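Here is a walk through one protein chain.

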Amino acid sequence: MERYLQQIEPALAAARDWIVTPAAWGQIVALALAVLLGWGAAALVRPVLLRLLSPAAGASGTLSLLRRQLRRLLPLLGPLFAAALAAFGEEALRALFGTAGIAAFGKRVFLFLAVRAFVRDVLREPFLRAYGRFVVLPIVAVYAVGLMPTVAAALSTMRMPLGNLSFDLLWAMKFALFGGLIFWAGRWSNERSTAYLAGQEELRPATRQLAIKTAEVAIFGLAFLVLMNVMGVNLTSLAVIGGAIGVGIGLGLQQIASNFISGIILLIEGQATVGDYVELDGGEAGTIVKMTLRSIILETFDGKWIVVPNEHFITTRVVNYSDQGSANRLEAAFSVSYDTDINRVPAIIEAAVAKHPKVLGHPEAPDCELRGFGDSGIDFAVEFWVSGLDDGPNKYVSDVLFLVWNALKEAGIEIPYPHRVVELRGPEGGVRL
């Protein structure tokens with residue numbers, strides 16, 4: 001123990017000699033003033049800013065949103081004011097004494113506290129909180145203790161092999177830092193552009209979907225190019241990658257390319273769009289709930305999702321039962337007894353069906369037609385138009401059959417049921433039952 005004390009005794013003596021110098025006391029006083037004045041000024045300014053940045057209850061709009069976002073930055077006032085005062089003191093002390101290491105260290109610590117408050121109190125999105133906690137804060141902590149050049153030099157010497165390629169850990173850290181931030185910004189921009197374009201009701205649904213997909217490709221393509229530029233990757237080398245992708249498409253990705261191009265054609269032509277109920281040639285039927293550049297997702301009445309490649313919508317027959325709420329014609333079949341005066345039936349049934357609140361009078365009013373003479377009764381069918389489909393929520397045919405039943409009962413018209421005659425033949429002759 002005594003040997004170790006002897007080894008560090010020169011350093012301790014130098015520290016004792018330095019601590020009594022005007023430069024040391026000046027830096028300590030500067031840091032103390034930075035803490036007191038910084039947090040004191042923040043305490044005085046915060047109530048005023050809080051009052052200015054608090055919109056009225058229930059207020060909406062861009063300005064109100066901006067004021068709420070700025071109000072969330074108030075926890076940063078104390079450390080930022082202190083960092084600014086420490087930076088001013090550092091410059092002044094360096095001009096007076098030629099050194100200001102303690103003031104510079106204090107400035108970096110205040111900046112670390114500001115970043116920590118930003119991650120803890122300002123960020124709300126889970127990805128950004130995790131990104132700030134596990135990527136940004138460790139980097140700022142290394143910067144605060146003054147080890148950034150040493151750590152950067154050490155990471156640059158550690159290389160990680162990846163097949164025939166290799167990269168150093170410093171490059172990987174830069175990629176994690178800038179890549180996460182750039183692609184989060186891309187995702188945020190994509191969400192905002194999607195919400196804006198989806199609200200443009202004057203555009204056709206297919207045009208909106210095409211604009212949304214185009215904006216998505218453009219945003220993430222731009223994010224990728226920015227990241228490559230930031231990381232120092234020569235963008236001319238992307239031509240080689242593009243050539244390799246072209247060869248891959250030619251050799252094994254024809255189906256994906258076909259679906260991609262088919263998706264663009266569908267969005268441009270607008271033959272089918274989100275909300276349409278379609279039936280494919282293979283029997284798949286459902287409501288389109290999502291359109292991507294590779295496939296279309298149908299939701300059946302029983303809640304199942306069917307993923308259909310876009311190519312099927314181009315190369316096969318597709319029946320579209322709806323066009324954003326257009327009318328559809330349905331029919332309900334029924335029979336009456338042979339004892340009925342069938343000339344009365346059409347007027348009775350048409351009047352009854354027309355009372356249904358969802359049955360339309362345009363393009364045609366309900367129409368009752370004679371279909372044929374069956375074994376047990378005379379067959380009729382009533383055709384009617386509705387806005388929508390006969391699905392789970394809308395039981396149009398069932399409702400109309402109830403109306404038909406009640407109308408025929410009120411008119412005294414019998415709805416027949418099958419009658420059968422059985423003959424039993426024996427030695428003495430036949431008996432009819």
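Helix 4 and helix 5 are roughly antiparallel to each other, because their axes cross at roughly 165° and an angle over 145 degrees counts as such. Keep in mind that this is a predicted model.

Stay with this pair. Helix 4 covers residues 77-97, and helix 5 covers residues 101-122. Their axes come within 8 Å. The crossing is left-handed. On the helix 4 side, the contact is made by Pro79, Leu80, Ala82, Ala83, Ala86, Ala87, Glu90, Leu93 and Arg94. Helix 5 answers with Ala103, Ala104, Lys107, Phe110, Leu111, Leu113 and Ala114. Sorted by class, the contact holds 13 nonpolar and three charged residues, with no polar ones.

Next, the annotation. The unreviewed UniProt entry places the feature "transmembrane region" at residues 24-45, 73-89, 95-119, 131-157, 169-189 and 210-229. Take two of these spans in the model. Residues 169-189 are 100% helix and 0% strand. The end C-alpha atoms of that span lie 30 Å apart. Residues 210-229 are also 100% helix and 0% strand. Here the end C-alpha atoms are 28 Å apart.

Helix 7 covers residues 148-157, and helix 8 covers residues 169-198. Their axes come within 6 Å and cross at roughly 110°. That makes helix 7 roughly perpendicular to helix 8. Ala152, Leu155 and Ser156 of helix 7 make the contact with Leu169, Leu170 and Met173 of helix 8. Five of these contact residues are nonpolar, one is polar and none is charged.

Five of them form an open sheet in the order 6-5-4-3-7, with antiparallel pairing. Strands of a sheet pair through backbone hydrogen bonds. The edges are strand 6, at 305-309, and strand 7, at 318-320. Each edge strand pairs on one side only. From one strand to the next, the twist averages 40°.

Strand 6 pairs with strand 5, residues 295-299, over five bridges in the antiparallel sense. Within that pairing, leucine 298 has isoleucine 306 of strand 6 as its bridge partner.

Further along the order come strand 4, residues 285-291, and strand 3, residues 277-280. Three bridges join these two antiparallel strands. Tyrosine 277 stands opposite threonine 287 in strand 4. The two strands form a hairpin, with four residues between them. Look at glycine 283 in the turn: its phi is positive, about 100°. Most residues other than glycine have a negative phi.

Valine 278 stands opposite asparagine 320 in strand 7.

One last stop lies further along the chain. Which two residues does a cis peptide bond join? They are histidine 362 and proline 363, and omega is about 10°. Most peptide bonds are trans. Proline 363 sits in the loop between strand 9, at 359-360, and strand 10, at 367-373.

Definitions and conventions. Residues are numbered from 1 along each chain as its sequence is written. This is a predicted model: local features need pLDDT of at least 70, side-chain atom pairs count only at pLDDT 80 or more; totals for chains, interfaces and linings use all residues. Side-chain values use heavy atoms; hydrogens and water are left out. Axes are lines fitted to C-alpha atoms, for helices over the stretch in contact, and angles run from 0 to 180 degrees between N-to-C directions. Angles under 35 degrees count as roughly parallel, over 145 as roughly antiparallel, 65 to 115 as roughly perpendicular and the rest as oblique. A crossing is left-handed if the near helix is turned anticlockwise from the far one by less than a right angle, and right-handed if clockwise. Contact means heavy atoms within 4.5 Å. Ala, Val, Leu, Ile, Met, Phe, Trp, Tyr, Cys and Pro count as nonpolar, Asp, Glu, Lys and Arg as charged, and the others, Gly among them, as polar. UniProt positions are given in the numbering used here, feature names are shortened, and annotations may be inferred rather than shown by experiment. Two strands pair if DSSP finds at least two bridges between them.
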